Amino acid sequence: MGWHPTGRFTFTAMATKYEQRGVSATKAEVHQAIEGLDKGLYPRAFCKVLPDIAGGDANWCNVMHADTAGTKTSLAYVYWRETGDLSVWEGIVQDSLVMNLDDMGCVGAVDNILISSTIGRNKNRIPGEVLKTIIQGAEKFKDNMAEQGIGLHLTGGETADVGDIVRTIDVGYTTFARLRRDELIVNNIKPGNVIVGLASYGQATYETEYNGGMGSNGLTSARHDVFKHDYATKYPESFDPEVDRSVVYSGSRSLTETITVGGQETTVGKLVLSPTRTYLPVLKRLLDEVGPMLDGLIHCTGGAQTKVIKFVDQVRVVKDSLFAVPPLFELIRQESGTDWRELYQVFNMGHRLEVYLAPERAQAVIDIANSFGIDAQIVGHVEAAERPEVRLTTPGGVESYYE
């Protein structure tokens, strides 16, 4: 991307389609903006960890997080408009919550979490029935997690009509937890560690249907690459009007086209909209049984399979035994023609949680994941290097990524 004399950024021929759609997989500008800011008590922790401001106890700390479902709401909006299916909004609630909760789980916060919502809608397009579904969806998710021994506490929040700045709806949450410092997980990823990956797809024991594994990253790319251009004309409010129309809804699939995955029939739209799987039940048991043995926990969100590079130094993270590409991501690849390098930097491609620990402890992690119906396997290892590197063996060959 370069600077044009007119004052506009222009994309070079090397720019990815993701960038052409106004999104960055690496969030380079965000990281530049926050460079030099206080990184908290433990800079390598997956979330920023603060002193115990809430309780004033030096043995405790505070963790606070904020995130949204991102542009997944745009796809939910179009699917709901096409089908009248309100249940997709429950999925959006889970997407937004899990993007907070599973990040916090990677530092050890898996219980007694306070949650506040921030919802901005365009009232002309989002009626009260959608808001009701979203608000009730948070209660439903909370109750589902309570059955798994996870304590979530909804504290209310803000719902605003902001049609001047929001084209459809934005759904976000802020989460807070207080935990003992000696229970924290602070990443100390080191040579000799193996990496156990936990599948993002399939059906966990606490899920009601097959999960395509999408999560809440890469949706701008997925919805435009998979679904047909008719939706651009029908729902112009669902995308940025500044984006080149050639990369808007450029796929061939219909949202309501049926597809069979994992032995279950669904629609292509619902497959892409699969609610982001939470690993909290798994993490809670993992921390109870293996906690002191963990050298790192990574939630493969923004940056996908390269996410870990932000939390290491002088190591090479080698992932040479990755999961076979799940059906959803193979569909995205076929529709988009995106190269393997970009796919693995945008999408989790099969696993969204990584556990770093000594080789002899790996089977315990796999067994715990399997007990929840989640596939898990050793996907790689860590070795010494002069600078941070992630090296992936993809179906298209070996790809290296640097900080």
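The exercises below work through a predicted model of one protein chain.

Local features need pLDDT of at least 70 and side-chain atom pairs count only at pLDDT 80 or more, while totals for chains, interfaces and linings use all residues. Residues are numbered from 1 along each chain as its sequence is written, and side-chain values use heavy atoms, with hydrogens and water left out.

**Exercise 1. Overall form**

Task: Compare the radius of gyration of the protein chain with the value for a compact globule of 403 residues.

Solution:
- Start with the rule: 2.2 Å times the number of residues to the power 0.38, with the radius taken over C-alpha atoms.
- For 403 residues a compact globule would come near 22 Å; the chain has 21 Å, so the two agree.
- Next, take the box along the principal axes: the C-alpha atoms fill roughly 55 × 50 × 45 Å.
- Count the secondary structure: twelve helices and 16 strands. These are DSSP runs, numbered from the N terminus (helices H or I, at least four residues; strands E, at least two).

**Exercise 2. Burial, contacts and charge**

Task: Find what share of the residues of the protein chain is buried, and what share of its contacts joins residues at least 24 apart.

Solution:
- Buried means under 20% relative accessible area, exposed over 50%, and partly exposed in between (1.4 Å probe, protein chains only).
- By that cut-off, 52% of the 403 residues are buried.
- A contact means heavy atoms within 4.5 Å. Among contacts between residues at least 6 apart in sequence, 79% join residues at least 24 apart.
- For charge, Lys and Arg count as positive, Asp and Glu as negative; His and the chain ends are not counted. Each charge is placed at NZ of Lys, CZ of Arg, CG of Asp or CD of Glu.
- The chain has 39 positive and 52 negative side chains, and the centres of the two sets lie 2 Å apart.

**Exercise 3. Positive phi**

Task: Locate Y249 and M349, and state the phi of Y249 and of M349.

Solution:
- Y249 sits in the loop between helix 7 (230-234) and strand 9 (258-261). Its phi is positive, about 45°, although Y249 is not a glycine.
- Y249 is buried, at 1% relative accessible area.
- M349 sits in the loop between helix 11 (340-346) and strand 13 (351-357). Its phi is about 60°, again in a residue that is not a glycine.
- M349 is buried at 3% relative accessibility.

**Exercise 4. Aromatic pairs**

Task: Characterise the pairs Y77–W80 and F329–F347.

Solution:
- Rings of Phe, Tyr and Trp (its six-membered ring) pair if their centres lie within 6.5 Å; planes under 30 degrees apart are stacked, over 60 edge-to-face, the rest tilted.
- The whole structure holds ten such pairs.
- Y77 and W80 are 6.1 Å centre to centre with 55° between the planes, a tilted pair. Both lie in helix 3 (residues 72-83), three residues apart, about one turn of the helix.
- Y77 is buried at 0%, and W80 is buried at 9%.
- F329 and F347 have centres 6.0 Å apart and planes at 50°, so this pair is tilted.
- F329 lies in helix 10 (residues 327-336) and F347 in the loop between helix 11 and strand 13, so the pair ties together parts 18 residues apart in sequence.
- F329 is buried at 0%, and F347 is buried at 2%.
- Ring pairs also link Y77, W80, W89 and Y235 into a cluster.

**Exercise 5. An aspartate**

Task: Is D95 buried or exposed, and which residues does D95 touch?

Solution:
- D95 lies in helix 4 (residues 87-105).
- D95 is buried, with a relative accessible area of 0%.
- Not counting residues up to four places away in sequence, D95 touches A69, K72, G215, S216, S274, P275 and T276.
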